Amino acid sequence: MLLCYITDRTQFPGTEAQRRKRLLAKITEAALCGVDYIQLREKDLPARDLEALARDAARATRNLKGEARLLINSRTDIALATGAGGVHLRSDDIPASDARVIASVVLSRNAKRETRDWLIGVSCHTLAEVQLAESHGADFAVFGPVFGKTAGDPATGLQTLRQICARGVPADRKTEAVTFGRMPVLALGGVNLENATACTAAGAAGIAGIRLFQENNIAKVVESLRGKISTQV
């Protein structure tokens, strides 16, 4: 099961410097505890400040035992400039295929990095957006909000999540892993330790969240989520 921690330093108390320090500590914790993706989503920061924070985050996750990939929200240029593991695009951003071309050009100049190792995620809110992201070669999509509202978008519910995860799968194979051979879809929006198994039962390849990881002991969250899924299987 894929796990994605989406950051939001504004939820931490204190001064801006204290918030950043707390955020970097949480990013390090997530990387050490087995979270797969860390999406640096600090949308209020100007480019210069975001780049500085991204460099610190990349430095914090580099050479750790975990295999967490740092993804920069929306800014392909900053992701490439700071050595992040990829970019996470909004649904109204440039297509994933364009981001891939840009990454190919930049990474081809660096003998130590390969384009195929550079990840591209896309935030989606409809089946059409998921299909578009997949057609442009995105590595995964984050779909929501499944349960809670986010940014004014109403909850989509499990039935919609199930339909999206099962896209293109023949009816006689609905009982199999519906994400086999398809772009993974992670569930977002009001997902917690109690309802996460319902999301994976609906076909989600994993869980994404802000508060789920940021407000809790990440090691315990990861252990609980992966424990629940293993018993489900």
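The model is predicted, so local features need pLDDT of at least 70 and side-chain atom pairs count only at pLDDT 80 or more, while totals for chains, interfaces and linings use all residues. Residues are numbered from 1 along each chain as its sequence is written, and side-chain values use heavy atoms, with hydrogens and water left out.

**View 1. A closed barrel of eight strands.** The strands run in the order S1-S2-S3-S4-S5-S6-S7-S8, with parallel pairing; strands are DSSP runs of E with at least two residues, helices are runs of H or I with at least four, and both are numbered from the N terminus. Two strands pair if DSSP finds at least two bridges between them. Neighbouring strands are turned by 25° against each other on average, direction ignored. S1 and S2 share three bridges in the parallel sense, and Tyr 5 stands opposite Ile 38 in S2.

View 2. H2 lies across S2 and S3 (69-73), running at about 170° to S3.

**View 3. Where H1 meets H2.** The axes of H1 (residues 16-32) and H2 (residues 47-61) come within 9 Å and cross at roughly 35°. Residues of H1 in this contact include Leu 23, Leu 24 and Ile 27, and those of H2 include Leu 53, Ala 57 and Ala 60. The contact divides into seven nonpolar, two polar and three charged residues (Ala, Val, Leu, Ile, Met, Phe, Trp, Tyr, Cys and Pro count as nonpolar, Asp, Glu, Lys and Arg as charged, and the others, Gly among them, as polar).

**View 4. Two aromatic pairs.** The structure holds two such pairs: rings of Phe, Tyr and Trp (its six-membered ring) pair if their centres lie within 6.5 Å, and planes under 30 degrees apart count as stacked, over 60 as edge-to-face and the rest as tilted. Tyr 5 and Phe 213 have ring centres 6.3 Å apart and planes at 55°, so this pair is tilted. Because Tyr 5 lies in S1 and Phe 213 in H8, the pair ties together parts 208 residues apart in sequence. Tyr 37 and Phe 140 are stacked, at 4.4 Å centre to centre with 15° between the planes.

Methods: Axes are lines fitted to C-alpha atoms, for helices over the stretch in contact, and angles run from 0 to 180 degrees between N-to-C directions. Contact means heavy atoms within 4.5 Å.
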